[in-house]
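Work through the exercises below with the sequence and the coordinates open. Each task is followed by a solution in steps.

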Amino acid sequence: MRYTTLVLLLCCTAFGTRATAETPSTATVLVTAPLSIEQFFSHVSLSGALLSPDGRQLAMRVTPAEGRDRLAVLDLASMQTRNAVTFRDADIADFLWVNERRLAFRLTDRQEGRKWSQYGSGLYAVNTDGSLMRQLAVHQDPPDTMNEGRARPGEIDLQNADPAIQGERRGGPQTKAGRPLLPSNTTLMDSIGDQSGNAIYAVQTAHDDFGAILSAGLMRVDSINGSHGEIDSPRDVRYWLYDHGGQARIATAQTRGQNLVYWRDPATETWQLLAQFDPRSNESNVFEPAFLTPEGDFYVTARKGGDKAALYRFDLNTRQLDAQAVVSSPDYDIRASMVRSSTRLLGIRYVTDTENTLWLDAGMQAIQHTIDTQLPATVNTLNVGERSSTPFVLVSSQSDRQATIYRIFNRDTGKLTPLAKSRPAVNEAHMTARQLQHYTARDGLRIPAWLSLPRSGPKQKLPMVVLVHDGPWQRSNWGWHGETQFLASRGYAVLEPEYRGSIGLGDAHFRAGWKQWGLKMQDDLADGVRWAVAEGIADPQRVCIIGTGYGGYAALMGLAQDGDLYRCGVASSAVTDLAAIADGKWRVGANLDERYDRYPAASLIGDARNDTAQWRATSPRYLAASITQPLLMAHGDADSLLPASDAEAVYRTIKQTHAQAQWLRYDEESYGWHLPKTRIDFWSRVEKFLDVNIGKSRAAEKKE
């Protein structure tokens, strides 16, 4: 069945409502209202959901139309929801189940752009009924927000909290038991063990000026009384895996450019070195830990000296990878995670062009088949409680034309009940398909690219936007993307090349982008435009290039180097001088989520000893005078990575040569746009800018 009406059955403004079943009539309703910019760029209504360990409850991060992201809990038997915790001046960030009755979470602030920070976000725990609320670690805003009138470390307004949590300020904020709060560099880990007691795992990290991790210490924290103890582990560990009992069992350390992988032998409970290697090399012994199953099997990601990374089992006895990969792809690197019960591995989740699940459990495989039969147009991801005593399965579904929809499947009855749409206003009838194409760059490299065409109207000689992804060490995928759908809805073809240097497409594709900023990486984008023109897709006189971060850099370089191809450009949070970032600020794998800091800037961008001449030749700062096409630049005033003053200096140079350059400066934003009001304002201005330069207004002007 398809959703074409607003479906948000979990009320976001008043909890305690009852979800109702999907009815056939919803599939016949046609939506004729015009698409608004808000539906593409507002916050999502439901941005996360997790089943409890026993499968009886669903924890959800819910955003009301007006207000803060709150943590709510749905009882699946009664389908009644209740609010667990809401903050007046903060939003729920990551959250995890501690046990069947208790949740742990971090905070963020989605109403203050410059507050957006991974660190200093506090650590909290609360029962599902809102009781036993505990603050466990200090909440601290980034330094640039620590002004008069703003909260100081630990001073968070707790709507549902026990007043004792706020503590006496004389000795620093304290927990209910009178213990000092953990420092602000304490971060909630993505695993909390066996989910039977009150303990959670946290890590205390130290970072350099650019955000790279210098050290990390693992600890176990009681989520009620705040007591904690450090977990014994080797030195310089930055990443851990846990066994089914919640014990740290695999540890990855980095020292002097080498990765050391340790195993804590259950027989002796001592750490043993499993492997040591240079993670930047492509030698056959290099691997990255993936997961440790409840049965004790260790799985890793490895290339074995080849191009594409695959998932292998690592034999802890022989200390060798199995000969055959468990999951592999001829086109993509495999990054995998496990779907498990408390006793065994149920399936393996991985991403190629989109998310996939290899089910090892016959029962889950059958459920997947049943749901895919009912929902054939979407990718349907299934999750169960680790100790589930119920028939409930959480189903999250999405496609290129549909943002995520959450449902509950009952294995006993076969009933699929809708819960909520993450974006209620998004209707697939107005969205367009996202097609994977390939073209050949001038040096013969095969470049994948996502192509999205307007849903209605002509399909040939269209005005086209080249949308360049940030990173540059990222990649896009099949799914719903707000920026892409917005542009397509306004009549533009959208081309998103996976230029060399993009990750996930093999080692050769990634390394082909090393030190190629403004060179072959830029050629890949230009070759994509020429391909689209040759295919008859794009009008060669109406092509614009748009991007953020690296994408903003590429937009500026495109105008400077390939002025014959691009009619206009939009550059937000743009890199303007390679020398300013090639000092350690830009890295691949500089946080716990990426496991380790693998590739330094010297490899990816260059170093001051050998590459300063190249940097100067490929930096917009020195090429600004050659940009003559219409340009819209935008920057966040609180951007500490790429100062707004640097970008504005480039703008002022360009403005001297022609009057069609525009400048936007958002006081509350840092890197990229985090506030809905910023996104809506920015893209409204982009819409007008494109219309004048390559859109309907431009087409009408050409006819005259």
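**Exercise 1: a hairpin**

In the hairpin of strand 3 and strand 4, with 4 residues between the strands, Met79 takes a positive phi near 60°. The model is a predicted one.

Task: state how many bridges join strand 3 to strand 4, and find the bridge partner of Leu71 in strand 4.

Solution. Leu71 has Val85 as its bridge partner.

**Exercise 2: a buried arginine**

Task: decide whether Arg264 counts as buried or exposed, and identify the side chain joined to that of Arg264 by a polar contact.

Solution. Arg264 is placed in strand 15 (residues 258-265). Its relative accessibility is 13%, and the cut-off for buried is under 20%; Arg264 therefore counts as buried. The side chains of Arg264 and Glu269 form a polar contact of 3.2 Å. Leaving out residues up to four places away in sequence, Arg264 touches Glu269 and others, including Ile231, Asp232 and Trp271.

**Exercise 3: helix 5**

Task: compare the length of helix 5 with its expected span, and list what covers its buried residues.

Solution. Helix 5 (residues 520-534) has 15 residues and reaches 20 Å from its first C-alpha to its last, close to the expected 21 Å. Its buried residues include Met521, Leu525, Val529 and Trp531. Among the elements covering the buried residues are strand 28 (435-440), strand 32 (538-548) and helix 6 (550-561). Just after helix 5, Gly536 takes a positive phi of about 85°.

**Exercise 4: aromatic rings**

Task: classify the ring pairs Phe510 with Trp514 and Tyr666 with Trp673.

Solution. The whole structure holds 25 aromatic pairs. The ring centres of Phe510 and Trp514 are 5.8 Å apart and the planes stand at 85°, so this pair is edge-to-face. For Tyr666 and Trp673 the centres are 5.1 Å apart and the planes at 70°, so this pair is edge-to-face. Tyr666 and Trp673 are buried, and both belong to an aromatic cluster that includes Phe40, Phe486 and Trp683.

Key:
Residues are numbered from 1 along each chain as its sequence is written. This is a predicted model: local features need pLDDT of at least 70, side-chain atom pairs count only at pLDDT 80 or more; totals for chains, interfaces and linings use all residues. Side-chain values use heavy atoms; hydrogens and water are left out. Helices (H or I, at least four residues) and strands (E, at least two) are DSSP runs, numbered from the N terminus. The expected span of a helix is 1.5 Å times one less than its number of residues. Buried means under 20% relative accessible area, exposed over 50%, partly exposed in between (1.4 Å probe, protein chains only). Contact means heavy atoms within 4.5 Å. A polar contact is a pair of N or O atoms within 3.5 Å; within protein, one must be able to donate a hydrogen and the other to accept it, and residues adjacent in sequence count only if both atoms are side-chain atoms. Two strands pair if DSSP finds at least two bridges between them. Rings of Phe, Tyr and Trp (its six-membered ring) pair if their centres lie within 6.5 Å; planes under 30 degrees apart count as stacked, over 60 as edge-to-face and the rest as tilted.
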